[in-house]
Amino acid sequence: MNRVTMPNVIETHDLTKKFGRFTAVDTINISVRKGEIYGFLGLNGAGKTTTIRMLLGMIGPSSGEARIDGKKVSAGSLDIWKSTGYLVEVPYSYPELTVRENLEAMRRLRAVADPKAVDSVMDRLALSQYSARKARTLSLGNSQRLGLAKALIHNPDILILDEPANGLDPAGIVEIRELLTDLAQNRGATVFVSSHILGEVSKVATRIGIIHRGRLVREMDATELDRERKRRLLLGVRDPSAASDFLSQKGFRATLAENGFLEILDSAAIDKPDNINSMLVQAGIVPFMLKADEEDLESYFLRVVGSAGGAA
Amino acid sequence: MNGFGSALWVESLKVRRSKMLIGTVAVFAFIGIVMGLLMFVAQHPEISGRSATLSAKTSAIGKGDWPSFFGFLVQSILALGVMGFGIVTSWIFGREFSDRTVKDLLALPVSRFAIVSAKFAIGFIWNIALAATLLAAGMITGLALHVPGWSGGLVWPFLEVFTKSAILTILLCAPVALVAGVGRGYLLPVGFVILTLILTQLVGVGMPLAAQYFPWAFPALVSGAAGSALPHPGPASWTIYCATILLGFLGTVAWWRYADHV
């Protein structure tokens, strides 16, 4: 089944939240289909967590609505939460309880019948060695793992995660990325994951939405991301002026960029830099540097956010 | 009630693992023992001879026999109970906000009504255990120190008054839970408890006729511990008292259910 034929699992319709005169989330429309990993990207304070809290019924919207599995979200939507796991902001656990006790408490609250679910999720999140440790003694990374374990203990079909990579070391970040990909690809789980780091989200998400100042300013498939990013060919020559004139005669517009390099945005040049090199050499202009450069993800993110009204 | 049993188990686990449990039991046991010791001192004025403070305390006890000791224990549970039971309730409800664990309780297959009810239930059990601790510690100390005037016929009426006083005081913790929610932590509810304690004293002393309309004075009026100078509670007192508890309980449920949990 392709994406279009998959049913929507998470939807928002003109979802809005105002706190007094401040609009934290402004008429957001999102749809996440079954099996998708939706990366919800935004700077700190953009409205990610408020949106997530509304998706989880922790905050009531000022207008609009959120739906999960077709059911309208509200504080009393108990059916929805049976199949939903979540993690909101920094996960906190009961400090005087051990890792195992915290998970046992969640197992009972989630009505998971199998007592082995606790051991199973500890294995999955590499927490077994800390099972007898009180939660207050855990490192930030292991607290994050415990938060994720609580979100996963009932093998949910829907996962809503707010900055799940916070506090994790690089190996932990890779593990979580692999875990989410596995859940989506092999178990058909739907994942909604927020982050303020595009580079992180782009490695795992199949679809990306960018929120800024409460508004959804961009939404795209992960494959579109490459097309959206600025690409250019950077050219280093001794005489930029002569090279620019020559390239202009050949139909390529070369402008002066940083550090005295020439910049060509023409995709024919970017895709075949060897042709440009040959032309220049034959004309007696020998480049000392030729580099196909792609805008990095964070620059792209800031550019999108900037065009939507400046970084916060 | 959806998931009440699970919620109750989880609440009991949190209480069993907390230092608050052993701490409050120790404090209530200590108070019971000190009460018994004061009875002993009242019987032996030579001990308190050099301390004016101690003399004042023991003279307030009365004759230093079992009837005055029973009265003393009832007054203790009425006054110190408000504080102790209130702190326990503040902790049960307020810690979820202070420890920022409340978000784990909001999107579960267990209803928020069940979560709140389980918290009230565990608070009631805990507070009853504290009242029993104070009673047992006081009685054992009194018996061990041979406080005079023991009579089997006095015990049952005393136990009835003590139990009634304890339960009526514990039930008044319902508004404390609401304040813990609105205040999102311990501080506001503890402040609220102190305020009710002060107001109860002020109303009892300064406006005795108004005491029957002040819910926190109600347990003392019903138990008779307030003395014959204060009016006996009538239907209006019962109505105000029950409405206060109901408002506290339903207000807490409504707050957990409908407030924005940001």
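**Close-up views of a predicted two-chain model**

**Figure 1. Overall make-up of chain A.** Chain A contains twelve helices and 14 strands, assigned as DSSP runs (helices, H or I, at least four residues; strands, E, at least two) and numbered from the N terminus. The model is predicted, so that local features need pLDDT of at least 70 and side-chain atom pairs count only at pLDDT 80 or more, while totals for chains, interfaces and linings use all residues. Residues are numbered from 1 along each chain as its sequence is written, chains are lettered from A and ligands numbered from 1 in the order in which they are written, and side-chain values use heavy atoms, with hydrogens and water left out. Along the principal axes, the C-alpha atoms of chain A occupy a box of roughly 75 × 45 × 40 Å. Of its 312 residues, 52% are buried (under 20% relative accessible area; exposed is over 50%, partly exposed in between; 1.4 Å probe, protein chains only).

**Figure 2. The largest nonpolar core.** Such a core is a set of buried Ala, Val, Leu, Ile, Met, Phe, Trp, Tyr and Cys residues joined through side-chain atoms within 4.5 Å. This one holds 150 residues, among which Ile160(A), Phe192(A) and Trp256(B) touch the most other members. Helix H5 of chain B (residues 66-98) supplies the largest share, 14 residues. Leu233(A), Ala243(A), Leu247(A) and Ile285(A) are included in a second, separate core of 15 residues.

**Figure 3. Surroundings of Trp256(B).** Residues up to four places away in sequence are not counted here; among the residues that Trp256(B) touches are Phe93(B), Phe97(B), Leu105(B), Arg112(B) and His261(B). Contact denotes heavy atoms within 4.5 Å.

**Figure 4. Ser223(B) in helix H10.** Helix H10 of chain B (residues 218-223) carries Ser223(B), which counts as buried because its relative accessibility is 13%. Its side chain reaches the backbone oxygen of Ala220(B) at 3.2 Å. Neighbours within four places in sequence aside, Ser223(B) is in contact with Val74(B), Leu78(B), Val161(B) and Ser165(B).

**Figure 5. A nonpolar surface patch on chain B.** Ile194(B), Leu195(B), Ile198(B), Leu199(B) and Leu202(B) together expose about 420 Å² of accessible area, computed by the Shrake-Rupley method with a 1.4 Å probe, only the protein chains shown counting as cover for residues. Patch members have over 30% relative accessible area and no salt bridge, like charges being joined within 9 Å and nonpolar side chains (Val, Leu, Ile, Met, Phe, Trp, Tyr) within 5 Å; a salt bridge places a side-chain nitrogen of Lys or Arg within 4 Å of a carboxyl oxygen of Asp or Glu. Leu199(B) lies in helix H9 of chain B (residues 187-206) and is partly exposed, at 34% relative accessible area.

Methods: Polar contact = N/O pair within 3.5 Å; in protein donor to acceptor, adjacent residues only side chain to side chain.
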